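Subject: Handover of a predicted model

Dear colleague,

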Amino acid sequence: MRLSTVILPVRRWSEGGREVWQRAEELGFHTAYTYDHLSWRSFRDEPWFGAVPTLTAAAAATSRMRLGTLVTSPNFRHPVTLAKELISLDDISDGRITLGIGAGGSGFDATALGQEPWTPRERADHFAEFVPLLDRLLTNDVVTYEGKHYRAHEVRNIPGCVQRPRLPFAIAATGPRGMKLAAGHGQAWVTTGDPKVSATGSAAESLEAVRGQVGRLEKACAETGRDTAELTKIMLTGFSPDRPLASLDAFVDFAGAHAEAGIDEIVLHWPIADSVFEADLTVFERIAAEGLAQLGE
């Protein structure tokens, strides 16, 4: 089991931003991710910084911990420009970047460029084209592509990623098309649980839903000839009925149950006061320091 965190880009770098990322490394988190949004839900009218510059600064301020997005989406990203930024990030971090990527939603990002929000089918269609093209751009020196939603004309990406053949993809997916993309292109798969269960269900029902998702991922991998063991299964907490940050014991119980269900990596939101991610920082740091050790006892 790996333990990671997600640090929302809400702090000025000179006013605690740098220290949070460095503290995450000191605590031993496997990866520190950040959201890749233009704004997000209840934080829309609060400070919010860009993911790529934030990760660039974090790469310079740390040396061991992996870094990444959780998640990037096609809502306001294009594969050609994103590939160039990712190759640069991978170089600056000396090969410590993971791209968490998903189909996106209908939130603020979906209309920020003045477009109408895509339907669920349109999001899935864009995602199905976005991921394979990004894969090609990150693994080939020169790419030309003509698709329904995206084009690339003699795009150069030299020297490519430090990580070979490219930096890893952690693909967020719950539906069959997304699961197929994860099986075909992912080095990891991401879930937040089942939104329908999370809205009204119990922690036990949420766990059973996650177990079912892992089963569907295994089926998608079998259909594409992929060994499911090759994919890290990531659970981003904070959206299910569970409360793993309530106490060290609560985390150990949560992590143990989800490990049994097939989850390999748990991601905890770094606490933010007066927000939906408010939590006791002392408890959070104790979980980071002791949680996995107690899980192994």
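Residues are numbered from 1 along each chain as its sequence is written, and side-chain values use heavy atoms, with hydrogens and water left out.

Strands and crossovers

Helices (H or I, at least four residues) and strands (E, at least two) are taken as DSSP runs and numbered from the N terminus, and two strands are said to pair if DSSP finds at least two bridges between them. Strand β2 (residues 31–34) pairs with β3 in the parallel sense over four bridges, and T34 has T69 as its bridge partner in β3. Between β2 and β3 the chain passes through helix α2 (residues 51–61), and this β-α-β crossover is right-handed, a term used if, with the strands pointing away from the viewer, the path from the first strand over the helix to the second runs clockwise. Strand β3 itself (residues 66–72) is mostly covered, six of its seven residues being buried, where buried means under 20% relative accessible area, exposed over 50% and partly exposed in between (1.4 Å probe, protein chains only).

On to β4 (residues 97–101), which runs parallel to β3 and is joined to it by four bridges; here T69 has L99 as its bridge partner. Together with helix α3 (residues 79–92), β3 and β4 make a right-handed β-α-β unit. The pairing of β5 (residues 142–146) with β6 (residues 151–156) is antiparallel, over four bridges, with a hairpin of four residues joining β5 to β6 and A152 of β6 as the bridge partner of Y145.

Y33 is found in β2 and is buried, with a relative accessible area of 2%. Its contacts (heavy atoms within 4.5 Å), not counting residues up to four places away in sequence, include T5, W21, T69, L70, I234 and V267. The C-alpha atoms of Y33 and T5 are separated by 6.3 Å, although these residues are 28 residues apart along the chain. The side chain of Y33 also makes a polar contact with the side chain of E265, at 2.8 Å; such a contact is a pair of N or O atoms within 3.5 Å, and within protein one must be able to donate a hydrogen and the other to accept it, while residues adjacent in sequence count only if both atoms are side-chain atoms.

Aromatic rings

A search of the whole structure finds twelve aromatic pairs, that is, rings of Phe, Tyr and Trp (its six-membered ring) with centres within 6.5 Å, counted as stacked with planes under 30 degrees apart, edge-to-face over 60 and tilted for the rest. F43 and W48 form a tilted pair, 5.9 Å centre to centre with 55° between the planes, and F43 is buried at a relative accessible area of 6%. F130 and Y150 form an edge-to-face pair, 5.6 Å centre to centre with 80° between the planes; because F130 lies in helix α4 (residues 120–139) and Y150 in the loop between β5 and β6, this pair ties together parts that are 20 residues apart in sequence. One aromatic cluster is formed by Y35, W40, F43, W48, F239 and F277.

With kind regards

Terms used. Predicted model: local features only at pLDDT ≥ 70, side-chain atom pairs only at ≥ 80, totals over all residues.
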